Amino acid sequence: MISVNNVSMKFDLGIDKGSSFKNMFIAIFDKKRRRKKEYFWALKDVNFEINKGEVVGLIGSNGAGKSTLLKVVSGVMKPTKGKVTVNGSIAPMIELGAGFDLELTARENIYLNGAVLGYSEKFLNEKFDDIVEFSELKDFLDVPVKNFSSGMIAKLAFSISTVVDPEILIVDEILSVGDLKFQEKSHNKMMELIKGGTTVLYVSHSINSIKEICDKVVWLDHGNVVKIGSAEEICDEYYLSQMGETQKDSMKRKSEKSKKVDDNKSKKK
């Protein structure tokens with residue numbers, strides 16, 4: 001369903017100061033101004049496969065390349081090297097509300113954002129009430145989105161994105177959208193899509209959420225794939241690494257604790 005082959009992504013850090021006359025004059029006396037552009041590799045030769053119906057999680061610390069990889073897979077970005085092959089329709093839920101026109105009302109943005117996602121006007125007319133009901137924003141339909149809180153914008157965007165059952169869902173931390181009630185609704189909607197056979201690529205900093213939802217996990221660190229495996233195994237190993245431990249250290253500590261308990265029992269006897 002999704003094939004990621006030797007994907008690398010390079011970004012220009014913007015160190016270059018330009019070639020204006022003023023900058024060239026300053027560069028004569030300032031060697032730092034003369035240095036070439038510097039680049040940052042957000043992804044480095046990433047490889048993995050996702051089969052139809054699989055739910056795959058991406059984990060890693062901030063800057064690991066998770067969100068960049070989601071954008072590459074969803075087609076928002078073109079990789080510097082490598083190739084991504086996707087077979088099926090994609091519903092990307094990345095940076096919810098980023099495509100909204102803040103000057104337009106919620107009602108107008110439903111049609112605007114829906115069109116961007118490829119929905120026809122007829123389809124949006126048919127699904128309009130469902131979108132509004134799920135978003136819980138019925139009383140704010142004719143209010144400009146610029147007056148919405150970030151949570152309200154995310155709720156509206158989530159409701160538009162999930163009005164259809166896509167073949168592939170690309171998700172970036174959407175289960176934290178809105179208040180607790182809406183978080184529960186978004187979680188239930190996600191589980192409904194998963195049970196319906198939707199293929200999911202999911203990013204979250206919540207290890208428990210990854211364990212609950214995902215079959216397989218890809219662990220990224222500084223743009224590199226550290227390990228790919230079952231959600232339980234990889235999440236546990238990642239957690240230990242974040243705590244500054246290794247599995248060996250953890251096992252050693254447990255062994256020492258067990259030995260101490262046995263020694264105490266022997267002393268009591």
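Start by selecting strand β6 (residues 168-172) and strand β7 (residues 199-203): they run parallel and are joined by 5 bridges. Helices (H or I, at least four residues) and strands (E, at least two) are DSSP runs, numbered from the N terminus. Look at Asp172 next, whose bridge partner in β7 is Val203.

Before going further, note that this is a predicted model, in which local features need pLDDT of at least 70 and side-chain atom pairs count only at pLDDT 80 or more, while totals for chains, interfaces and linings use all residues. Residues are numbered from 1 along each chain as its sequence is written, and side-chain values use heavy atoms, with hydrogens and water left out.

**The six-stranded sheet**

Now widen the selection to the open sheet of 6 strands, ordered β5-β6-β7-β3-β8-β9 with mixed pairing. Two strands pair if DSSP finds at least two bridges between them. Which strands stand at the edges? They are β5 (90-93) and β9 (224-230); each has a single partner strand, so one side of each is left without a neighbour in the sheet. From one strand to the next, the twist averages 15°.

Val218 has Ile228 of β9 as its bridge partner. The two strands form a hairpin with 2 residues between them, and His222 in the turn has a positive phi of about 50°.

**The helix across the sheet**

Select helix α2 next, which lies across β3 (55-59), β5, β6, β7 and β8 (216-221) and runs at about 155° to β6. Axes are lines fitted to C-alpha atoms, for helices over the stretch in contact, and angles run from 0 to 180 degrees between N-to-C directions; contact means heavy atoms within 4.5 Å.

Is α2 largely enclosed or open? Because 8 of its 9 residues are buried, α2 is largely enclosed by the rest of the structure. Buried means under 20% relative accessible area, exposed over 50%, partly exposed in between (1.4 Å probe, protein chains only). Among the buried residues are Lys66, Leu69, Leu70 and Val73.

Zoom in on Lys71, found in this helix (residues 66-74). Lys71 counts as buried, at 16% relative accessibility. Leaving aside neighbours within four places in sequence, Lys71 is in contact with Val76, Met77, Ile94 and Glu95. Just after α2, click on Gly75, which takes a positive phi of about 90°.

**The three-stranded sheet**

Select β2, β1 and β4: in that order they make an open sheet of 3 strands with antiparallel pairing. The edge strands, each pairing on one side only, are β2 (39-50) and β4 (81-86). Here the twist averages 25° from one strand to the next. Strand β1 (residues 2-12) is joined to β2 by 8 bridges, and Val4 has Phe48 of β2 as its bridge partner.

**A pair of helices**

Last stop: select helix α5 (residues 150-161) and helix α6 (residues 180-195), which pack at an angle of about 20° with their axes 12 Å apart. That makes α5 roughly parallel to α6 (angles under 35 degrees count as roughly parallel, over 145 as roughly antiparallel, 65 to 115 as roughly perpendicular and the rest as oblique). Show side chains for Lys155, Phe158 and Ser159 of α5, and for Phe182, Ser186 and Lys189 of α6, which make the contact.
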